[in-house]
Amino acid sequence: MLFRSIPNVIYKVDPLLNSTLLKEIKDDTTLSAQFWSDLRPIDKKIIVYAVPTSDFQFLMDQMKPTLPAQALEGGWLDYKYQRALKEPGFYGGGAPGFNQDGTAVFMMYAPNNMNPGDEMFLKTTSHEFVHVVQRDVESGYFGGLLSWQIEGQADYIRSEEHTSELQSH
């Protein structure tokens, strides 16, 4: 299958982020959006925040105020912020759901000195995109899915369908 459509993605990027990491995030987001376009229309807007771990504050200043209280339940973002302050090698993502205007949102963060092509980091973007699709299918905040289903499905697909495999579809 040859993908040609360009997804409707708005990137909110910390200017301190390494350009190679940003390219990987953009490439993987595009491939994931194309791969999942049968379940989530490719023209449906999504906002992706991308930051270096060393400037996690960018997420707290730029993304957090746009999220409804429900998307911040459990204090998960504050926890990740504290962890980023203590662990310079901390990397990952998060898919809090939707911002206050109903647009899907996810975030990616990594240390600027991360090796280009790091397999686990590459898989993280597709993992977070699976959460975006899950919410679309469930019409919101995961409805009846159990946490092991939510994370298990995203981890399985992340392992099976990250960039290198997506490119071969």
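Author: Two strands count as paired if DSSP finds at least two bridges between them. The model discussed here is predicted. In it, β3 and β4 pair in the antiparallel sense, over five bridges. Five bridges meet the cut-off of at least two, so the two strands count as paired.

Reader: Which residue of β4 stands opposite Gly 97?

Author: Val 105 does. The hairpin of β3 and β4 has five residues between the strands. In that hairpin, Gly 102 takes a positive phi near 90 degrees.

Reader: How do you know that β2 and β4 pair?

Author: By the count of bridges. There are seven between β2 and β4, in the parallel sense. The cut-off is at least two, so they count as paired. One example is Tyr 49, whose bridge partner in β4 is Met 107.

Reader: What makes β1 and β2 a pair?

Author: Five bridges, again in the parallel sense, join β1 to strand β2, residues 46-52. Two would be enough under the definition, so β1 and β2 count as paired. Val 13 stands opposite Ala 50 in β2.

Reader: In what order do the four strands of the open sheet stand?

Author: The order is β1-β2-β4-β3. The pairing is mixed: β2 and β4 are parallel, while β3 and β4 are antiparallel.

Reader: Why are β1 and β3 called edge strands?

Author: Each pairs on one side only. The two edges are β1 at 9-13 and β3 at 92-98. From one strand to the next, the twist averages 20 degrees.

Reader: What makes β3 largely enclosed?

Author: Seven of its seven residues are buried, so the rest of the structure largely encloses β3. Buried here means under 20% relative accessible area.

Reader: How do you know that both faces of β4 are covered?

Author: Look at each face in turn. On one side, Ala 104, Phe 106, Met 108 and Ala 110 are buried. On the other, Val 105, Met 107 and Tyr 109 are buried. Seven of the seven residues of β4 are buried, and the strand is mostly covered.

Reader: Which strands does helix α1 lie across?

Author: Helix α1, residues 19-35, lies across β1, β2 and β4. The helix runs at about 160 degrees to β1.

Reader: Why is Ile 10 called partly exposed?

Author: Its relative accessibility is 31%. Buried means under 20% and exposed means over 50%, so this value falls in between. Ile 10 therefore counts as partly exposed. The residue lies in strand β1. Beyond its neighbours within four places in sequence, Ile 10 is in contact with Lys 45, Ile 46, Ile 47 and Val 48. Ile 10 and Ile 46 are 36 residues apart in sequence, yet 6.3 Å apart in space, C-alpha to C-alpha.

Reader: What puts the buried residues of α3 on the same side of the helix?

Author: The buried residues of α3, a helix of residues 76-86, are Leu 77, Lys 80, Tyr 81 and Ala 84. They cover an arc of only 105 degrees around the axis, so they fall on the same side of α3.

Reader: Why does Thr 124 count as buried?

Author: Its relative accessibility is 9%. That is under 20%, so Thr 124 counts as buried. The residue sits in helix α4, residues 119-137.

Reader: What makes the approach of Thr 124 to Met 120 fall within the polar contact distance?

Author: A polar atom of the Thr 124 side chain lies 2.8 Å from the backbone oxygen of Met 120. The cut-off is within 3.5 Å, so the distance qualifies.

Reader: Why is Asp 61 called partly exposed?

Author: At 45% relative accessibility, Asp 61 counts as partly exposed. Asp 61 belongs to helix α2. Its side chain makes a polar contact of 2.8 Å with the side chain of Gln 57.

Reader: How many helices and strands does the protein have?

Author: Six helices and four strands. Along the sequence the pattern reads β-α-β-α-α-β-β-α-α-α. Of the 169 residues, 49% are buried.

Notes
Residues numbered from 1 in each chain as written. Predicted model: local features only at pLDDT ≥ 70, side-chain atom pairs only at ≥ 80, totals over all residues. Heavy atoms only, no water. Axes fitted to C-alpha atoms, helices over the stretch in contact; angles between N-to-C directions. Contact = heavy atoms within 4.5 Å. Buried < 20%, exposed > 50% of the residue type's maximum accessible area, 1.4 Å probe, protein only. Arc of directions from axis to C-beta. Polar contact = N/O pair within 3.5 Å; in protein donor to acceptor, adjacent residues only side chain to side chain.
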